[in-house]
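Open the model in your viewer and keep the selection panel at hand. The tour goes stop by stop.

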Amino acid sequence: MLDILKAIAREGIKFVEKHDFVRIFTHYDPDGITAGAIIATALIRLGKDFQVRFLKGLNEEVEYDKDDLVILSDMGSGYPDVVSKIEADTIVVDHHIPTGRIEKDNLVHINPHLAGLDGTYELSASGTAYVFANVLGDNRDLAGIALVGAIGDKQKMKGGNAEILREGIESGYIEVKSGLSLHSMKVREALMLSLEPFLDFYGKEDELEDFLRKVRIDGDKDFEELSDEEMYRLSNAVALRLLKMNAYTGVFNDIMRGRIILKSELIRNAVTMCDVINACGRVTACSLGFALCLRDSKYLNKAFEIWRNYTTELLERINAVRDDVREGFCIRYVIMSDGNAASPIATIFSRYFYPDKPFIAVSVKGERAKVSARGNDSLKVNLAEVMQKAGEKVGGRGGGHRVAAGAIIPADKVEEFISEVDRLCCSQG
Ligand SMILES: [Mn+2]
């Protein structure tokens, strides 16, 4: 099924052969970091020199010499104007829906959407980079890293991703273990620091010890060392806890989907690796996440430290804003005065505490406010449309997906925006 994409990717070989120096520009999230690392590894194996830069988007400056090869990864397909202006030979490795027309002869555009594939849920930039890397050489050992990027973009193990997973299992680099999806670490820590599923144990040490006693599991035991019997008891107890918390029912499928184990990587649990890379990206330490993908163990401890700090800060923030949740007619919302935690907070509150109405998190920073809206498939509300309409009404802008959308609005219009969002949700629901 990846044949057409491979044929397109082969076009890129000529550019790689022609240049000795490559500039890689990639996105700062897990999909971008893993995609950049997969391309970089393939280039290293060919003896090429490269430089990598992590960008938030193509509104940032792209610097290069005319003689370089420029590779844009996890970006480019939606910015035809920017790509058209790049004078150097360029390869775009992206999975966003291509828009407009790129006016450029010396371009190779590798994107699943251009090969009849689903790039939204079934192949991310890292998977596309994996396809490209494997026409440049035998880079099948990078299958696991490709899946980490797909997990980061909340994709499904279907289509192109399923094919990469199958290839990784066949070549012995990946193993799938059944049971609960938690981080591979001490059970106590895995339960307390888990964000997906969020289990609400942080700051509740006594409750956690009580929970462990009841399921008869030693909290110091490594999660991967649990017997089948213990795993079964733990899964049941976790499911029961989520039910009591009032979690969204869709959560249960996600947490029982098992674990993808990466046998060649420094962090063997794919979800853990994704979360660690994500935390590094969030605190502008992308190069640490990148180094992990290059299997450079020097930075492993540092990267875990960043992940631990990032996660505990977020858990503390969740506990702190819990009492600030307000209720509209058809939404719930929270207005925060600082930080950039709006999106994880909206996700967790809507999935684990309040799945019955859309949840809106607003974080005000200076003159602007960042809004994240989250819902689920059982709510009859299109949040992309709500964010767009309400955003425009107050002089900002918004959009996104049906169940996960966002907006940027002027800080002094937050109250007006919220009542418009509430009104729109009531009229749609
Ligand atoms: Mn992506």
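Start by selecting arginine 368, which lies in strand S11. Helices (H or I, at least four residues) and strands (E, at least two) are DSSP runs, numbered from the N terminus. This is a predicted model: local features need pLDDT of at least 70, side-chain atom pairs count only at pLDDT 80 or more, and totals for chains, interfaces and linings use all residues. Residue numbers start from 1 along each chain, as its sequence is written.

Is arginine 368 buried or exposed? Arginine 368 is exposed, with 12 other C-beta atoms within 10 Å. The cut-offs: buried takes 20 or more other C-beta atoms within 10 Å of the residue's own, exposed 12 or fewer, partly exposed lies in between, and C-beta atoms are placed from the backbone. Show the contacts of arginine 368, leaving aside neighbours within four places in sequence: Ile408, Pro410 and Ala411. Contact means C-beta atoms, placed from the backbone, within 7 Å. Now pick serine 235: 133 residues separate it from arginine 368 in sequence, and 43 Å in space, C-alpha to C-alpha.

**The mixed sheet**

Select S8 to S13. Six strands form an open sheet here, ordered S8-S9-S10-S11-S13-S12, with mixed pairing. Strands pair if DSSP finds at least two bridges between them. At the edges are strand S8 (326-327) and strand S12 (397-400), each pairing on one side only. Zoom in on S8 and strand S9 (residues 332-336): two bridges join them in the antiparallel sense. Arginine 326 has tyrosine 333 in S9 as its bridge partner.

H17 lies across S9, strand S10 (359-365), strand S11 (368-374) and strand S13 (404-410), and runs at about 165° to S10. Axes are lines fitted to C-alpha atoms, for helices over the stretch in contact; angles run from 0 to 180 degrees between N-to-C directions.

Follow H17 to glutamine 428. Glutamine 428 is partly exposed, with 15 other C-beta atoms within 10 Å. Beyond its neighbours within four places in sequence, glutamine 428 is in contact with Lys380, Val381 and Asn382. Lysine 380 is 48 residues away along the chain, yet the two C-alpha atoms are separated by 6.9 Å.

**The parallel sheet**

Move to S1 to S5. Five strands form an open sheet in the order S2-S1-S3-S4-S5, with parallel pairing. Strand S2 (49-55) and S5 stand at the edges with a single partner strand each, so one side of each has no neighbour in the sheet. Neighbouring strands of this sheet are turned by 15° against each other on average, direction ignored. Pick strand S1 (residues 21-27) and strand S3 (residues 69-73): they run parallel, joined by five bridges. Arginine 23 has valine 70 in S3 as its bridge partner. H5 packs on the sheet, touching S3, strand S4 (89-93) and S5, and its direction makes about 125° with that of S4.

**Helix H1**

Next, select helix H1 (residues 3-10). Which residues of H1 are buried? They are Leu5, Ile8 and Ala9. Their arc around the axis is only 100°, which puts them on the same side of H1; the arc is that of the directions from the helix axis to the C-beta atoms. The face turned away from the buried side carries exposed Asp3 and Ala7. Cover over the buried residues of H1 includes strand S5 (107-110) and helix H5 (125-136).

**Zoom out**

Colour by domain: domain 1 (3-173), domain 2 (187-317) and domain 3 (325-428). These bounds come from an automatic or database domain assignment. The C-alpha centres of domain 1 and domain 3 lie 32 Å apart.

Notes. Two residues are in contact if their C-beta atoms, placed from the backbone, lie within 7 Å.
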